[in-house]
Amino acid sequence: MHLSTPVTIFIDNKASIQASSNPKTRNPIAREIFTSLIQNAQIKLHWIKAHVGYFGNESAYQLAKAESEIHPSQIKYSKAFLKSFLFNNLIKEWQKHWDAVTAGRTVHNIIPKVSFQPVCWTREEIHFFTHHGPFPSYLHRFKIAPSSNCSCGQDGTPLHFATECPLTLSWHITKPSVGLHKLWFRRVASNSGSRTLIRKIVFHINCNQDQTS
């Protein structure tokens with residue numbers, strides 16, 4: 001990259017300037033700087049004394065110190081940097097909390113990474129993927145239904161209605177193998193065709209609760 005505007009770089013390390021000006025140096029960084037200086041005659045290196053009150057030099061010195069030694073009031077960060085820094089830390093803390101809490105594990109399996117992007121699930125999809133819907137297994141848990149069984153005799157879970165219940169036969173999705181239930185829910189949630197079937201299943205259950213419980 002060649003520059004057209006004159007640039008002067010002030011450095012308080014005379015040894016660095018000498019190394020960067022030596023064509024025989026074996027230091028790879030110094031050789032790279034030397035090549036850049038040859039290709040860009042507009043760049044000039046100028047030596048200044050350290051710790052004599054130069055504002056830019058003192059600021060650079062503070063930035064170069066170990067992070068633990070720098071007091072926040074010594075450096076003025078830009079708004080863009082602070083916005084990015086706070087946002088990234090917010091995401092990290094949010095992710096840490098999402099991974100640690102015990103509630104919402106069925107949704108965590110489907111959406112393991114936090115994001116501000118909306119998922120855009122319908123009401124029926126929310127019921128199905130959270131397992132908090134018109135399912136006997138859920139209603140019995142809160143003593144709303146006398147049994148957790150479907151009217152067909154099987155445990156009335158969301159997976160049951162989506163894969164094997166004779167009352168929802170028209171919209172069945174292939175049942176997952178043992179041990180692959182979590183992966184099945186994740187794949188169904190990412191497939192638009194499967195989600196359409198899920199909406200129809202939950203809508204049917206809502207309209208025919210007396211027959212499914």
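This report covers a proline in a loop and a helix with its packing partner.

## The model

This is a predicted model, where local features need pLDDT of at least 70, side-chain atom pairs count only at pLDDT 80 or more, and totals for chains, interfaces and linings use all residues. Residues are numbered from 1 along each chain as its sequence is written, and side-chain values use heavy atoms, with hydrogens and water left out.

## P176 in its loop

P176 sits in the loop between α8 (158-163) and α9 (181-189). Helices are DSSP runs of H or I with at least four residues, numbered from the N terminus. P176 counts as buried because its relative accessibility is 12%; buried means under 20% relative accessible area with a 1.4 Å probe, protein chains only.

Beyond its neighbours within four places in sequence, P176 is in contact with L159, T163, H181 and W184. Contact means heavy atoms within 4.5 Å.

## Helix α10

Helix α10 covers residues 192-207. Its buried residues are S194, R195, I198, I201, V202, H204 and I205. At the start of α10, a side-chain oxygen of N191 comes to within 2.9 Å of the backbone nitrogen of G193.

## α6 against α10

Helix α6 (residues 123-130) packs on α10 at about 90 degrees, with the axes 8 Å apart. Axes are lines fitted to C-alpha atoms over the stretch in contact, and angles run from 0 to 180 degrees between N-to-C directions. The two helices, α6 and α10, are therefore roughly perpendicular, a term for angles of 65 to 115 degrees.

From α6, the contact uses R123, E124, E125, H127, F128 and F129; from α10, R195, I198, R199, V202, F203 and N206.

Note on methods. Buried means under 20% relative accessible area, exposed over 50%, partly exposed in between (1.4 Å probe, protein chains only). The expected span of a helix is 1.5 Å times one less than its number of residues. A polar contact is a pair of N or O atoms within 3.5 Å; within protein, one must be able to donate a hydrogen and the other to accept it, and residues adjacent in sequence count only if both atoms are side-chain atoms. Angles under 35 degrees count as roughly parallel, over 145 as roughly antiparallel, 65 to 115 as roughly perpendicular and the rest as oblique.
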